[in-house]
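Thanks for coming. I have one structure to go through today, and I will keep it short. Please look at the screen.

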Amino acid sequence: MIKRLSILCLSLAACTDLGDGGFVTAGGTRVNPVNADVFEVIARPRNENNQFWCGAGEYAHRALGASPGANVYVVGGAGAAVTMESPNGAQFSLKPPSQVSGATERDTRWGPRLGQSMFVADARGRCGRDEFDFPF
């Protein structure tokens, strides 16, 4: 029990606010604000889909204060990031795509799809999961 508690504390401490508005999850996924409504998750190669959702859920909860039952929406599908140089960026918001501006509104064939949503708690549940743990 103590070991699990220690690991949990270390994991929570590893979610870092970078001071420039950026954020890094315990697993190393970077999240950058795009504007007041939109944030971009930068995934590392391999297991991108889980990293996108994990980063979105962690940022929404820890940086934006969203409740576990709040929805996080895809407002720009996977592709080239706009906040830093990376081919693996996807944009999210706590508002549906029709209610935000400044997002890429990109819909791609890989990664999260434009308009998809997930509860913050479910998105956070993707942290540390293997890419084959989920069918979507």
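Predicted model: local features only at pLDDT ≥ 70, side-chain atom pairs only at ≥ 80, totals over all residues.

Start with the core. The largest nonpolar core has 19 residues. Phe39, Val41, Phe52, Trp53, Val72 and Phe92 are those with the most contacts inside it. At least two residues each come from strand E4 (38–42), helix H2 (48–63), strand E5 (71–79), strand E6 (89–93) and helix H3 (120–124). Helix H2 gives the most, with five residues.

Now the strands. E2, residues 23–24, pairs with E3, residues 30–33, in the antiparallel sense, over two bridges. Phenylalanine 23 has valine 31 in E3 as its bridge partner. E2 and E3 form a hairpin with five residues between them, and glycine 28 in that turn has a positive phi of about 95°.

E3 also runs antiparallel to E4, with four bridges joining them. Here arginine 30 is partnered with isoleucine 42 in E4. These two strands form a hairpin as well, with four residues between them.

Last, a residue in strand E4: glutamate 40. Is glutamate 40 buried or exposed? Glutamate 40 is buried, and it has no salt bridge. The nearest side chain of opposite charge belongs to arginine 106, 4.9 Å away. What the side chain of glutamate 40 does make is a polar contact with the side chain of threonine 83, at 2.6 Å. Among the other residues that glutamate 40 touches are Arg30 and Val31, along with Gly89, Ala90 and Gln91.

Key:
Residues numbered from 1 in each chain as written. Heavy atoms only, no water. Core = buried A, V, L, I, M, F, W, Y, C linked by side-chain atoms within 4.5 Å. Buried < 20%, exposed > 50% of the residue type's maximum accessible area, 1.4 Å probe, protein only. Pairing = 2+ DSSP bridges. Lys, Arg positive; Asp, Glu negative; His and termini not counted. Salt bridge = Lys/Arg side-chain N within 4 Å of Asp/Glu carboxyl O. Polar contact = N/O pair within 3.5 Å; in protein donor to acceptor, adjacent residues only side chain to side chain. Contact = heavy atoms within 4.5 Å. Lists of a residue's contacts leave out its neighbours within four places in sequence.
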